[in-house]
Amino acid sequence: MTGAPGLDLDVDLPAPEPEPQPAARRSVLRRLLANPQGACCLAFLLFVVFIGLASPWLAPVGPNVTNLSAVNAPPFSPHHLLGADGSGRDILSRLMWGTRETLLACVIVLVVSVVLGVTSGLIAGYYRGKFEASASWVSDVIMSLPGIVLLIALYARTGPNIVAAMAVFGLIIAPTYFRLVRSTVVSVRNELYVDAAKVVGLSDFRIVGRHVLTAVRGPVIIQSSFVIAAGIAIEAGVDFLGLGNPAQPSWGSVLQQSFNNIYNNGASVVWPALLISLTILALVLLGNVLRDLLQSSAHGKTLSPRRRRELSQQARQHAASTANAPPAPPKDVVLSIRGLRIGYPDGNGGVREVVHGADLDVRRGQVHGLVGESGSGKSQIAFSALGILPKEALILGGSILLDGKDLLASPKLMEEARGRRIAYVPQEPMSNLDPSFTIGAQLTYGLRAVKNMTKQEAEQKLLGLLARVGINNPERVFRLYPHQISGGMAQRVLICGAVAADPDVIVADEPTTALDVTVQAEVLELLRELDDERGLAMILVTHNLGVVADICDYVSVMKDGLIVERGDVDSLFESPAQAYTQELLSSSRRVELTEV
Amino acid sequence: MFWFVLKKVVRAVAVMLLVTFATFTLMYGNGQGIAREVLGIQATPAAIQAEVVRLGLNQPLIVQYGKWLHGVVTGNLGSSFSTGQAVTSILSSRVPVTLTLVIVTLVLTAVLSVLIGVAAAVYGGWIDRVIQPLSVLGAAIPAFIIAIGLVFAFAIRFRFFPATGYVSPSLSVSGWLSSITLPVLALLVGSIAAAAAQFRGAVLDTLSKDYVRTLRARGIPESRVIFRHVLRNAAGPGLTVLSLQTIALIGGAVIIEQVFALPGIGDLSNTAAQAGDVPVVMGLVLVTAVIVQVVNLLGDLANAAVNPKART
């Protein structure tokens with residue numbers, strides 16, 4: 001995008017996370033120094049800066065001092081540690097003097113790009129509107145220019161002029177800051193504390209200075225490290241092309257002269273090439289370390305593969321030892337969950353258990369409500385019954401019995417059950433349809449993946465089912481893309497997809513939470529009807545006791561990863577035994593009262 | 001669809017006008033300077049003035065730009081100040097060299113970085129742990145340094161490939177192949193490293209989407225979820241990566257050509273810039289702007305083909 005050869009500037013940085021606490025930020029430098037990679041990079045870069053600044057005193061000789069007796073001297077020869085070039089100039093001295101040129105280039109690129117990019121990004125992100133639109137357009141245009149070609153064109157007018165060239169490069173690279181700052185500001189701008197500051201009457205200037213700049217600082221520092229790396233690459237590249245000032249040595253020009261002399265003194269190419277590569281690499285690695293430090297969510301909480309294997313093996317052994325004497329579930333129980341324990345890596349090599357041994361029986365024709373506040377582990381149970389827990393989740397013990405067979409015992413059993421015998425109705429209808437395929441295409445494909453059907457048979461069946469779930473013009477909806485239908489319709493489509501394969505069990509994870517109130521009742525009604533018609537067993541995960549009262553037969557109440565109470569809906573609503581259930585009931589009644 | 005394409009084409013033309021006008025202003029802003037450059041330092045002020053008039057540099061800038069633009073449409077970009085050759089004929093001998101270099105690298109990048117990125121995202125584990133640092137390394141080191149390393153190793157030490165020069169494929173296909181192997185390789189390292197990292201991100205991003213979980217829950221086998229649904233949805237961001245990579249490749253190729261003495265636009269722009277040969281430089285800016293806009297347009301069209309939401 002910039003013509004910086006091979007250097008990736010991460011143009012699509014994800015929207016940065018909120019800033020860490022001030023206390024954490026103060027110690028960023030300390031944490032950076034504690035990180036071996038960060039400390040090494042920083043030390044190397046400081047060394048390079050020092051060499052550049054101190055070259056008049058440190059360099060053995062001046063940059064253009066020639067010693068004819070040392071022409072093409074090999075490295076490590078007396079007086080010429082790194083050898084001498086084709087004109088007998090000391091390469092070490094030239095590189096040291098050349099470092100000044102590089103430093104100058106970095107400063108210019110950084111100042112120009114930060115001033116232009118950050119300022120325009122702040123204005124665009126904070127005030128939005130026309131400025132944002134036009135600035136974004138300009139930024140897109142600039143990003144589609146090959147920088148080096150423009151720099152070469154510039155040379156035709158200005159001759160060797162490092163200041164002009166690097167200022168232009170700063171302009172070319174400014175969009176990376178613009179995009180980063182704009183997206184950060186847009187996300188911060190809607191935060192409550194910015195609203196609060198406005199209400200209190202702080203001026204825009206103060207708000208930007210106090211709240212917005214703090215949010216922008218971290219990402220800008222990270223990005224600067226990559227921008228400086230790009231600046232060094234482009235400066236060396238321009239000088240390597242011979243467009244630099246011949247009187248002034250630079251890393252790029254030393255490289256060029258050594259390269260032209262490669263047949264006479266091959267080793268001399270190594271030093272400038274190494275210096276340029278190491279400096280750029282140090283900057284990029286430093287940027288990566290900074291990103292990890294400042295955006296703590298960037299590094300995921302993972303366990304080593306070996307530890308994962310150990311834990312799941314333990315779980316299997318545990319299940320095998322208890323499976324000998326499971327309390328035989330009653331005859332009409334289709335799905336039975338026994339002693340299920342689920343955990344997640346806690347980021348320190350350990351595991352945090354979120355479900356502590358849950359038992360659950362679902363009978364044919366029964367709607368089994370699983371209620372609890374968010375974070376109580378109810379969705380985890382639902383996902384584990386389908387084998388669709390997130391990748392990092394761990395099943396630590398227990399079994400999931402479908403007609404008496406433990407699905408956790410082998411991936412094959414789970415695969416045979418998933419989608420065929422146990423189906424899933426998700427929470428957010430709009431994000432659960434693949435945006436790239438028409439409704440018809442994705443439903444047909446899903447059905448044919450589990451049922452041996454021709455395309456026509458599958459389409460006939462699905463069109464009939466779409467009509468059944470209350471979609472008026474199934475043929476038309478079949479040809480639409482997900483973004484062209486409403487949320488309620490999308491949820492009906494998803495229900496249709498779930499029941500199409502004639503499953504025995506449906507796991508519905510908060511199926512109405514994301515819908516309008518009027519649509520909610522219709523969807524619940526539909527689920528109830530389908531349940532009765534087909535003799536399905538259904539697990540309905542919800543936090544809404546109203547939903548439970550509406551359609552559930554049986555209910556399990558979850559709290560902190562444990563099922564604390566279970567029973568018939570009527571008796572449980574009548575006389576809750578557990579304090580938690582009482583609390584839950586009374587709080588939901590309070591909500592109803594206030595709503596009325 | 002027609003309006004979509006029209007909108008994109010209008011946008012591309014607008015960008016080209018903006019870029020060429022900006023460069024034109026920069027290039028022709030100082031008519032006296034150009035004439036002095038053409039005539040040399042010994043020229044008298046009177047001779048310079050005559051040259052300014054002869055080259056039409058005394059006209060208002062906008063008129064000069066209009067004439068140049070008229071030339072663009074009629075296929076006449078003027079002639080080189082230094083050689084007197086028509087700019088179009090100079091370009092037609094140079095552009096194909098750079099373009100083949102860029103296209104070959106781009107195709108290889110597309111294939112390899114998709115494979116690597118998808119493997120790293122889907123399998124994770126050791127593949128990911130090996131690929132991650134390699135991609136940082138590969139993307140950080142400038143292509144011309146890699147090129148120098150390759151020349152040093154393969155052309156000078158082991159003599160597997162010719163160090164420099166270019167053989168047209170119309171003369172000898174094998175000669176052409178061996179003349180572009182090292183340049184392509186030099187560009188490929190950084191380009192794959194950068195693109196694979198982005199593809200990995202795009203695939204990981206798609207894998208975390210809700211609908212992927214729902215598709216799995218529907219009983220679709222994992223391999224088909226990935227090849228049909230995940231790749232299709234990751235293709236949009238992937239295409240953006242490739243079109244940005246093309247721009248970076250043109251920049252990289254310009255410098256690389258110097259290392260391998262390839263007679264492409266890099267070499268041409270360097271000579272023209274040092275000679276102050278403004279018509280040739282303008283022609284080069286036009287050509288690169290056109291290439292970039294065509295690539296962006298193709299990227300947008302391909303994106304619209306895979307992403308129904310992008311068709312507006």
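View 1. Strand E1 (residues 333–345) and strand E4 (residues 394–402) of chain A pair in the antiparallel sense over 7 bridges. Strands count as paired if DSSP finds at least two bridges between them; helices (H or I, at least four residues) and strands (E, at least two) are DSSP runs, numbered from the N terminus. A:Ser336 has A:Leu401 in E4(A) as its bridge partner. The model is predicted: local features need pLDDT of at least 70 and side-chain atom pairs count only at pLDDT 80 or more, while totals for chains, interfaces and linings use all residues. Residues are numbered from 1 along each chain as its sequence is written, and chains are lettered from A and ligands numbered from 1 in the order in which they are written. The sheet is open, with 4 strands in the order E2-E1-E4-E5 (chain A) and antiparallel pairing. Its edge strands, each pairing on one side only, are E2 (351–363) and E5 (405–406) of chain A. Helix H13 (residues 378–386) of chain A packs on this sheet and touches E1, E2 and E4 of chain A, with a direction at about 115° to that of E1(A). Contact here requires C-beta atoms, placed from the backbone, within 7 Å. Axes are lines fitted to C-alpha atoms, for helices over the stretch in contact, and angles run from 0 to 180 degrees between N-to-C directions.

**View 2. The six-stranded sheet of chain A.** This open sheet of 6 strands has the order E6-E7-E8-E3-E9-E10 (chain A) and mixed pairing. E6 (422–425) and E10 of chain A are the edge strands, each pairing on one side only. On average, neighbouring strands of the sheet are turned by 20° against each other, direction ignored. E7 (residues 505–509) and E8 (residues 537–542) of chain A pair in the parallel sense over 5 bridges, and A:Ile506 stands opposite A:Met538 in E8(A). Helix H18 (residues 487–499) of chain A packs on the sheet, touching E6 and E7 of chain A, and its direction makes about 175° with that of E6(A).

**View 3. The hairpin of E9 and E10 in chain A.** E9 (residues 554–559) and E10 (residues 562–568) of chain A are paired in the antiparallel sense over 6 bridges. The hairpin leaves 2 residues between these strands, and A:Asp560 in the turn has a positive phi of about 45°. A:Lys559 has A:Leu562 in E10(A) as its bridge partner.

**View 4. Helix H6 of chain A against helix H10 of chain B.** The axes of H6 (residues 147–158) of chain A and H10(B) come within 7 Å and cross at roughly 55°. H6(A) is therefore oblique to H10(B); angles under 35 degrees count as roughly parallel, over 145 as roughly antiparallel, 65 to 115 as roughly perpendicular and the rest as oblique. A:Gly147, A:Ile148 and A:Val149 in H6(A) meet B:Gly251, B:Val254 and B:Ile255 in H10(B). By class, this contact has 4 nonpolar, 2 polar and no charged residues. Ala, Val, Leu, Ile, Met, Phe, Trp, Tyr, Cys and Pro count as nonpolar, Asp, Glu, Lys and Arg as charged, and the others, Gly among them, as polar.

**View 5. The side of chain B that touches chain A.** Chain B gives 66 residues to the contact and chain A gives 63 residues. H10(B) gives the most to the side of chain B, with 13 residues. That side divides into 40 nonpolar, 18 polar and 8 charged residues.

**View 6. B:Ala147 and the largest nonpolar core.** In this core of 249 residues, B:Ala147 and B:Val281 touch the most other members. A nonpolar core is a set of buried Ala, Val, Leu, Ile, Met, Phe, Trp, Tyr and Cys residues joined through C-beta atoms within 7 Å. H10(B) supplies the largest share, 20 residues. Leaving aside neighbours within four places in sequence, B:Ala147 is in contact with B:Pro183, B:Ala186, B:Ile256, B:Val259 and B:Phe260.

View 7. Chain B has 12 helices and 0 strands. B:Ile291 lies in helix H12 of chain B and is partly exposed, with 19 other C-beta atoms within 10 Å. A residue is buried if 20 or more other C-beta atoms, placed from the backbone, lie within 10 Å of its own, exposed if 12 or fewer, and partly exposed in between. B:Ile291 and B:Thr246 are 45 residues apart in sequence and 9.2 Å apart in space, C-alpha to C-alpha. B:Gly75, in the loop between helix H4 (61–74) and helix H5 (87–123) of chain B, counts as exposed because it has 8 C-beta neighbours inside 10 Å.

Key. Two residues are in contact if their C-beta atoms, placed from the backbone, lie within 7 Å.
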